[in-house]
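Visitor: I have a model open and would like to go through it. Can you take me along it, one spot at a time?

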Amino acid sequence: MQLLLRSILALILGYAVGWGVSAAAGFRYAEALNVIDRDGGMAMGLMFVIGPSFGAITALVALAMVVFKELQRRTPGYVERPLSLPLKVVGVLLTLGCVYLMAWFVIEFSRPFQLAQPWKVLVTEGIPVTVALVGAWLVAKRMNADNDPHSA
């Protein structure tokens, strides 16, 4: 039952995060290159084709990771090995990049509540960077606590 609940949660979160991050990355890329989308085709393609497709792929990858990890745990004599530092760093960087894109997406496309131009740059660029820095600090704190033999 626990595997079923974890699998469903992995599917839902994988789909939502995959869709949101891929759409946000597409919009961010288009904004950086000053792409003009007069008819809305690019936006519709990102939101209704690329986003759901990437979300489905991400959901299946998340499901596979949860199921394989649980099957490994159930194997007799299985000993969980800690992740190496490069893998932890890559995971942290990917997580922070996803958080940045999602925060930018929410802030940039909340049109009725847009801020005046001088504040828009600070909020649009400042809040995601702040969230990323706080996330990095929390992950570093957690990694230090995991490596400290004296912590309870």
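**A walk through the model**

Guide: S7 is buried, with a relative accessible area of 10%; buried means under 20% relative accessible area, exposed over 50% and partly exposed in between, using a 1.4 Å probe and protein chains only. This is a predicted model, where local features need pLDDT of at least 70 and side-chain atom pairs count only at pLDDT 80 or more, while totals for chains, interfaces and linings use all residues. Residues are numbered from 1 along each chain as its sequence is written, and side-chain values use heavy atoms, with hydrogens and water left out.

Visitor: Which helix does S7 lie in?

Guide: S7 is part of helix α1, residues 2-32. Helices here are DSSP runs of H or I with at least four residues, strands are runs of E with at least two, and both are numbered from the N terminus.

Visitor: And what does S7 touch?

Guide: Leaving out residues up to four places away in sequence, S7 touches L63, V66 and V67. Contact means heavy atoms within 4.5 Å. A polar atom of the S7 side chain also lies 2.7 Å from the backbone oxygen of L3. A polar contact is a pair of N or O atoms within 3.5 Å; within protein, one must be able to donate a hydrogen and the other to accept it, and residues adjacent in sequence count only if both atoms are side-chain atoms.

Visitor: How far does α1 reach from its first C-alpha to its last?

Guide: The 31 residues of α1 reach 43 Å, close to the 45 Å expected at 1.5 Å a residue. The expected span is 1.5 Å times one less than the number of residues.

Visitor: What follows α1?

Guide: N34 follows α1. N34 sits in the loop between α1 and α2, and its phi is positive, about 55 degrees, although N34 is not a glycine.

Visitor: Is N34 buried or exposed?

Guide: N34 is exposed, at a relative accessible area of 63%.

Visitor: Switching to charges. How many salt bridges does the structure hold?

Guide: The structure holds 4 salt bridges, each a side-chain nitrogen of Lys or Arg within 4 Å of a carboxyl oxygen of Asp or Glu. One of them joins the side chains of R6 and E70, at 3.2 Å from N to O. R6 lies in helix α1 and E70 in helix α2 (residues 41-74), so this pair ties together parts that are 64 residues apart in sequence.

Visitor: Which residue does E31 meet in a salt bridge?

Guide: E31 meets R28, with 3.1 Å from N to O. Both lie in helix α1, 3 residues apart, about one turn of the helix. An α-helix has 3.6 residues a turn, so residues three or four places apart point the same way.

Visitor: Aromatics next. How many pairs are there?

Guide: The count comes to 1 aromatic pair. Y15 and W19 form it, edge-to-face, with 5.5 Å centre to centre and 80 degrees between the planes. The rule pairs rings of Phe, Tyr and Trp (its six-membered ring) if their centres lie within 6.5 Å; planes under 30 degrees apart count as stacked, over 60 as edge-to-face and the rest as tilted.

Visitor: Last topic. Which residues make up the largest nonpolar core?

Guide: The largest nonpolar core has 9 residues in all: V21, A23, A24, F27, L46, Y100, L101, W104 and F105. Such a core is a set of buried Ala, Val, Leu, Ile, Met, Phe, Trp, Tyr and Cys residues joined through side-chain atoms within 4.5 Å. The elements giving two or more residues to this core are α1 and α3 (85-108).

Visitor: What does L46 touch?

Guide: Not counting residues up to four places away in sequence, L46 touches A23, G26, F27, G51 and P52.
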